Number of protein chains: 2
Amino acid sequence: MSRASEATRKMNELAAQHDVDLSKLPRIIDQSADSITNNVNAINLANCSDERRKVIFKSLIDHLHAFVREVSLTNEEWMTAIQFLTETGKKCTDIRQEFILLSDTLGVSTLVDGINNAKPPGATEATVLGPFFTQDAHEVQNGGSIASEGKGDYLFVEGRVMDTKGNPIPNALINTWETDGHGSYDVQYEVRDAPECRGYLRSAEDGSYSFRAVVPVPYPIPSDGPVGKMLTALGRHVYRPAHLHMMVEAPGFEKLTTAFYFDGDPYITSDAVFGVRTSLIVKPELITDVAKTKARGFGEEKPHAYLKQDFVLATPEEGAAARKKVAQRVN
Amino acid sequence: MSRASEATRKMNELAAQHDVDLSKLPRIIDQSADSITNNVNAINLANCSDERRKVIFKSLIDHLHAFVREVSLTNEEWMTAIQFLTETGKKCTDIRQEFILLSDTLGVSTLVDGINNAKPPGATEATVLGPFFTQDAHEVQNGGSIASEGKGDYLFVEGRVMDTKGNPIPNALINTWETDGHGSYDVQYEVRDAPECRGYLRSAEDGSYSFRAVVPVPYPIPSDGPVGKMLTALGRHVYRPAHLHMMVEAPGFEKLTTAFYFDGDPYITSDAVFGVRTSLIVKPELITDVAKTKARGFGEEKPHAYLKQDFVLATPEEGAAARKKVAQRVN
């Protein structure tokens, strides 16, 4: 066999290994800064069998290329971006997700959340889940405590779970989790014998619920990776304002993932991950009558913070209508 | 110290650890699908000391968010993207750069290249460098060979290096590298005793150059990672058409990184990394007079391919003018 026919044989063998019918692809030859976007879209859309994937890639390529054109990205900047993305991937482990952190700090998570979890007027608004929810929390009874003594300043939370018409929702499952008074979630400690500063409970017949907790405090997001470096380069800080995570679900209603933020927190107007919503800012009352503290089941005779907060859940129909509105409005 | 004052102390201590003056940041509270883009831009631009960084992040956030809005990205699709980016980062090693491959296959590399390496009319056009250039190639004399006998079909290349006015450029440094007849670069073999199918030479006084090589063949880009999966999901193949890499540099002229593609190649109209440019497609002549093959220094009496190709280099001034035009035109 001559070298020429061997090369041909090899070429045919290669072509046979992939199952793309070349005749189905557009004939694209001249790539330039002018033509490349149309060329990439043409080849991405020509033989892709999934309609939704086509929509996503078309928009992705259009915007990605428009960004590069708009700033006339240099080779050095491009390489910086490649290295940043590579380091971000390398930083990810089973317990650290640097790309989610990147999405959070660039507001993408909040945007995706705002589009997909929009609520109708009157319903409690949603916000980002965050990375600290766990499946192993213990059940507490109404009035029970999710935090051991000594974990922080006392906080008593109560309210009702209702539908948008004001009817009580009994037996709603309420999950709550938060930092302790040091700004750390239980899973962030090296030793974690049992779930702490987290728990779940059920609303009563009249929709009411109540539990004891601690006042959460602000804390920094993980800042020893590329995302931390990016925020520093932008002159941004790495803190989240204090917040109390809440997740409420009941049959016939959309699951609500939300959190309460605290009025007066120094980071409330510059949350590193853009989770704060005005309707979710609360102002607990300081109860200085220590007899009330004891009566609510706390161990020490000292003041406690008191938060009264209702939840209003939306039905799937109400949620779908709200999401449709948002999708129309933001486009 | 009461628990309340301890929490306050802790909060102040945290605030003191980062050096961002909170009063310099805009007061942002309400995050929603409507407000998030303005909010992220406001906080990114408020305290960033680098003007270019501001321009880049503003455009990045605008386009990234516009993409998410335009397709109403779902939570599941967002998570698919997070996982894809994470896997892409994990696939990167010292000898494998999956993010560059992603950039290549989405046309971003060609776009960045087209903006930054635009050439004036009449000059040889540039194309992507690719990952296979090495620093250790041997020098060959004009007419010498960059490929050992048996590495593929014979190819003889000659031409001249000139400026845009047609004046010869003597002593230009010409680097060239290519696959062998099996579609592999030397660095892709497990054993690599010496550089193979690569070399450098200098143009003569009249700008002329010539060298012996082999006819390169098409080959697949690395397709066992997330980028390969993406291309399959899009119904695209993973092949590059055959090409001969060339890099030409001379004092007083812009360095030219380019490649020649071969007319009739099955992948020339669907290059997986969008490197082909019409002006870089060549059609070597098949020389069947085997006496000529011997005369040109090849070992075996068989036909050889003959490529006559000049290079026209641009001065930095000509290049700058061309780049300015492209930047204006594509925006």
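Predicted model: local features only at pLDDT ≥ 70, side-chain atom pairs only at ≥ 80, totals over all residues.
A:Leu173 stands opposite A:Arg202, a residue of strand 3 of chain A. Strand 3 covers residues 198-202 and runs antiparallel to strand 2 of chain A, with 5 bridges between them. Strand 2 has another antiparallel partner in strand 7 of chain A (residues 243-249), this time over 6 bridges. In that pairing, A:Trp177 faces A:His245 of strand 7.

How many of the residues of strand 2 (residues 173-178) are buried? The count is 6 of 6, so the strand is mostly covered. A:Leu173, A:Asn175 and A:Trp177 point one way, while A:Ile174, A:Thr176 and A:Glu178 point the other way, and all of them are buried. In a regular strand, side chains alternate between the two faces of the sheet.

## Two domains in chain A

The domain assignment divides chain A into domain 1, residues 21-71, and domain 2, residues 108-330. Taken over C-alpha atoms, the centres of these two domains of chain A are 43 Å apart.

## How the copies are arranged

## The nonpolar core

The largest nonpolar core holds 82 residues. Those that touch the most other members are A:Val68, A:Leu73 and A:Met230, together with B:Val68, B:Leu73 and B:Met230.

A:Leu73 is worth a look in your viewer. Apart from neighbours within four places in sequence, A:Leu73 is in contact with A:Phe67, A:Val68 and A:Trp78 in chain A, and with B:Arg52, B:Ile56, B:Val112 and B:Asn116 in chain B.

A disulfide is a covalent bond between the sulfur atoms of two cysteines. How many disulfides does a search of the whole structure find over all chains? It finds 0. A:Cys92 is accordingly in no disulfide, and the nearest cysteine sulfur, that of B:Cys92, is 12 Å away.

Is A:Cys92 buried or exposed? A:Cys92 counts as buried, because its relative accessibility is 3%, and the cut-off for buried is under 20%. A:Cys48 is buried too, with a relative accessible area of 5%.

Note on methods
Residues numbered from 1 in each chain as written. Chains lettered and ligands numbered in written order. Heavy atoms only, no water. Domains from an automatic or database assignment. Disulfide = S-S within 2.5 Å. Buried < 20%, exposed > 50% of the residue type's maximum accessible area, 1.4 Å probe, protein only. Core = buried A, V, L, I, M, F, W, Y, C linked by side-chain atoms within 4.5 Å. Contact = heavy atoms within 4.5 Å. Helix = DSSP H or I, 4+ residues; strand = E, 2+ residues; numbered from the N terminus. Pairing = 2+ DSSP bridges.
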